[in-house]
Amino acid sequence: MLPRAGLSRATALLLGLVLTLGLALPACAGAPTFELEAEQQETQEETAQGAKTEPEETLAERETQKKRAYSAAWTDSAFADLTVNAMDELVMAVGTVLTIDLDQDVELLHEGKREGSLDEKDVSFASSNKKYLTVSKRGKVSAERRGTAQLQLTIELPDGSQKQLHKNIKVVNAPEISFAPDYAVLGNSGKLDLGQRAKAPLLKASPNVDARVRYSAVLQSGNGGSKLELNEETGQLSVSFDRPGDVYAITAETYAGKRASFTLYLGERADRLEIQGLWPDADGVIRVASGASLPLKAVAFAGGADAARQDVSWRVLTGDDYASVDERGMLRIAPELSAEQAIQVVAYALDGGEATAQVDLVAMP
């Protein structure tokens with residue numbers, strides 16, 4: 001049996017050890033728990049705070065994207081009826097005018113879909129080189145001289161941003177105009193479409209392009225008793241008369257100032273030509289001396305009366321090595337011929353008919 005004092009000391013040591021372990025264990029196990037809870041609470045607060053701000057930022061971005069979804073573009077029909085070359089350049093002739101129609105040529109887009117047309121005040125026009133191309137505030141484009149320039153549109157969109165559209169334009173020289181043929185013969189109550197006879201490599205027509213040809217008529221010769229009606233824009237023409245013989249000069253002028261002439265004869269086409277003013281010798285041969293000049297005259301008849309058109313064309317069919325004839329019928333014989341030469345000259349009606357006449361001559365040395 002231990003002494004009382006020994007039991008007390010052993011008990012005291014045991015109790016101290018138990019107390020020491022009992023107090024230390026909670027402290028070791030609890031410290032990490034408190035720190036983890038704090039970190040978790042801090043993370044939850046940050047997550048909660050982020051959950052509140054993220055939708056606001058996303059909404060703003062979406063709103064911005066929605067606004068920036070506005071755009072503008074050329075319509076499919078813009079320039080569709082005009083001349084475009086292999087380089088996708090719009091081709092305009094000097095003197096032509098093209099008007100940009102904001103309702104037809106440009107469209108406002110929202111998220112890729114057409115939303116409507118543009119307001120004129122939201123669009124400004126410019127040219128990259130005014131020497132070749134000028135453009136007004138209202139979109140009237142004028143081709144000034146040969147060269148290439150860019151048509152530029154700056155568009156203010158509903159979101160406050162800008163969109164630019166461009167079109168390269170090649171300016172070429174204005175085409176010439178001519179008539180083929182350059183005359184016509186009309187009887188009483190006759191009609192004619194000058195537009196079908198005017199030949200020019202005009203650019204493709206379009207409501208936006210000024211590619212007009214204007215016609216005018218002036219009495220050139222005759223008695224002036226005829227009546228002529230002419231639509232200056234379409235070239236539709238009609239005539240009426242009691243006596244044939246009036247001759248009108250028709251002029252066609254293009255938008256660029258190019259002109260061509262056309263002659264209109266009122267009456268009938270010739271059915272017979274006569275070469276007059278030549279006197280044969282007693283044996284019936286017409287002789288012309290070497291080096292001589294002889295004026296020839298042909299008269300056109302239609303049903304026994306003078307035909308509407310009296311001018312003819314001339315040609316040497318036989319003996320063109322020794323003779324020549326000009327458009328007025330002046331026959332010239334070569335000088336210093338060494339022997340007699342047979343010459344045959346033919347006159348042709350110029351009224352579209354088939355009347356001809358010929359004369360046989362002998363050129364003397």
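**Salt bridges, sheets and cores in a predicted chain**

Arg 287 and Asp 283 join their side chains in a salt bridge, with N and O 2.9 Å apart. A salt bridge here is a side-chain nitrogen of Lys or Arg within 4 Å of a carboxyl oxygen of Asp or Glu. The model is predicted, so local features need pLDDT of at least 70 and side-chain atom pairs count only at pLDDT 80 or more, while totals for chains, interfaces and linings use all residues. Residues are numbered from 1 along each chain as its sequence is written, and side-chain values use heavy atoms, with hydrogens and water left out.

Stay with Arg 287 for a moment. Its relative accessible area is 37%, so Arg 287 is partly exposed. The cut-offs are these: buried means under 20% relative accessible area, exposed over 50%, and partly exposed in between, with a 1.4 Å probe and protein chains only. Arg 287 also belongs to a network of salt bridges that links Asp 281, Asp 283 and Arg 287. In total, the structure holds 13 salt bridges.

Now step back to the whole chain. It contains 2 helices and 29 strands. Both are DSSP runs numbered from the N terminus: helices are H or I with at least four residues, strands are E with at least two. Of the 365 residues, 32% are buried. The chain exposes about 22500 Å², and carbon and sulfur atoms supply 49% of that area. Accessible areas come from the Shrake-Rupley method with a 1.4 Å probe; for residues, only the protein chains shown count as cover. Among contacts between residues at least 6 apart in sequence, 61% join residues at least 24 apart. Contact means heavy atoms within 4.5 Å.

The largest nonpolar core has 28 residues. Such a core is a set of buried Ala, Val, Leu, Ile, Met, Phe, Trp, Tyr and Cys residues joined through side-chain atoms within 4.5 Å. Trp 74 and Ile 100 have the most contacts inside this core. The elements giving two or more residues to the core include strand E1 (70–74), strand E6 (123–127) and strand E10 (162–172). Strand E9 (147–156) is also among them. The largest share, 4 residues, comes from E9. What does Ile 100 touch, leaving aside its neighbours within four places in sequence? Its contacts are Trp 74, Phe 79, Asp 105, Phe 125, Arg 138, Gly 139, Val 141 and Leu 151. A second, separate core has 27 residues, including Leu 273, Leu 296, Ala 302 and Leu 337.

Strand E4 (residues 106–110) runs antiparallel to strand E5 (residues 113–116), and 3 bridges join them. Two strands pair if DSSP finds at least two bridges between them. Leu 108 stands opposite Gly 116 in E5. The hairpin has 2 residues between the strands, and Glu 111 takes a positive phi near 55° there. Glu 107 and Arg 114 meet through their side chains in a salt bridge of 3.5 Å, N to O. Glu 107 is buried at 17% relative accessible area, whereas Arg 114 is partly exposed at 44%. Further along, Lys 121 forms a salt bridge with Asp 122, with the closest N and O atoms 3.3 Å apart. Lys 121 counts as exposed at 66% relative accessibility, while Asp 122 is partly exposed at 23%.

Two open sheets follow. Strands of a sheet pair through backbone hydrogen bonds, either parallel or antiparallel. E15 pairs with strand E18 (residues 247–254) in the antiparallel sense over 8 bridges. Val 213 stands opposite Thr 254 in E18.

The other sheet has 3 strands in the order E13-E17-E16, and its pairing is antiparallel. Its edges are strand E13 (191–193) and strand E16 (227–230), each with a single partner strand. Here neighbouring strands are turned by 15° against each other on average, direction ignored. E16 and strand E17 (residues 236–240) pair in the antiparallel sense over 4 bridges. Within this pair, Glu 229 stands opposite Ser 238 in E17.

Conventions. Axes are lines fitted to C-alpha atoms, for helices over the stretch in contact, and angles run from 0 to 180 degrees between N-to-C directions.
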